[in-house]
Amino acid sequence: MITVFTRVLVIFAMIGVGFMANKVGILPLESKKYLTDLLLSISLPCMIISSMLGKTLDGETKKETQLVLIGSLAFFILASIGALFALRLMKRTPVEDQGVLMVIMVAVNSGFMGFPISKAAFGDHIFFLMVMQNIVLNFYMFGIAAIQMHYRDAEKKAFLGSLKAVINPPVIAVIIGFALMVAKVNLPSGVVDFVDMMGDATIPLSMIVVGLQLAGSNFSKLLVNRDLITSSLINVLAVPIITLTLIHFLPIPNTVKITLAFASAFPCAVAVVGVAIKEGKNSELMAGGVALTTILSLFTLPVMAAILQWLYL
């Protein structure tokens, strides 16, 4: 348990590198865009493909994959229903911003942050299952979340139009990696080494970008919005606790329990800020949710990782 806790803390220390690099003038906030593009377009796709190379979709792995996909779908459905009830407690937020709070409660950063932390904390197999979980997450973030942001709006978002954003480099990498895995293709060793090394850059690069995100946040403004604080606490505390409680007694493999529970523990996904901008919703409120949940997760994620190792490994 101490080993996993330490690994996650080491990964989170890299967030401090990005934060301090901004504060001392090494990395201006403008560099976040370029580092994010490098991460999402090159290193993260390589990491995804690397996780699938050499894997065989045998009976057990196939069963785990199916359970993760079904469990992830159930998670977003149930979490969204729960968020609807939680919104009734929020009286200070304007009606037009309640959909943004709903997404803050439900969206999880199990890709951008989840991939490197899962790989470092639990190894390649859990990382592979987390990649599978992200198939459902992408459909949620770029499809369902866009609709939820228009909750109680007179104008509702068209579902099919929002799904166009699902086709992005990480998703394409999942398709390529899955095809290589099913076809049992053996790539040349030089290609494998290249993909592995580029993928290894994802862990420090993604954490540095998160540090830059936090460096540009107005913390004093975040702490005066009670509904934002409530939504953030639901995201990092209520959702993972309820998820772990529900799946703990299910007759499913421990690897699936770890994947679903750990995925639920991550803060609000960075990508939904872009979705909010595209939808013409309160992107500043959304960015505040991302920042606040990320700060809180610095404390909650290491604890969740240690608990999962204690329970299931």
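Visitor: What is pLDDT, and what is its mean for the protein chain?

Guide: pLDDT is the predictor's confidence in each residue, on a scale from 0 to 100. For this protein chain the mean pLDDT is 84, with 93% of residues at 70 or more. This is a predicted model, in which local features need pLDDT of at least 70 and side-chain atom pairs count only at pLDDT 80 or more, while totals for chains, interfaces and linings use all residues. Residues are numbered from 1 along each chain as its sequence is written, and side-chain values use heavy atoms, leaving out hydrogens and water.

Visitor: How should I read a pocket, and what volume does the largest pocket have?

Guide: On a 1 Å grid over the protein atoms alone, a pocket is an open set of points where a 1.4 Å probe fits, with protein on both sides within 12 Å along at least five of seven lines; lining residues have an atom within 4 Å of a point. Grid points are joined across faces, edges and corners, and the volume is the space filled by probe spheres set on them. The largest pocket has a volume of about 770 Å³. It is lined by 36 residues, and T36, L40, F142, V270 and A271 are the closest to its centre.

Visitor: And which residues are closest to the centre of the second largest pocket?

Guide: The second largest pocket has a volume of about 590 Å³. Of its 28 lining residues, F75, L78, A79, T243 and L246 are the closest to the centre. Helix 3 gives the most to this lining, with eleven residues.

Visitor: How do the linings divide by class?

Guide: Ala, Val, Leu, Ile, Met, Phe, Trp, Tyr, Cys and Pro count as nonpolar, Asp, Glu, Lys and Arg as charged, and the others, Gly among them, as polar. The largest pocket's lining has 21 nonpolar, eleven polar and four charged residues. In the second largest pocket the lining has 22 nonpolar, six polar and no charged residues.

Visitor: Why is helix 4 largely enclosed?

Guide: Buried means under 20% relative accessible area, exposed over 50%, and partly exposed in between (1.4 Å probe, protein chains only). Nine of the nine residues of helix 4 are buried, so the rest of the structure largely encloses this helix. Its buried residues are covered by elements including helix 3, helix 6 and helix 12.

Key
Helices (H or I, at least four residues) and strands (E, at least two) are DSSP runs, numbered from the N terminus. Contact means heavy atoms within 4.5 Å.
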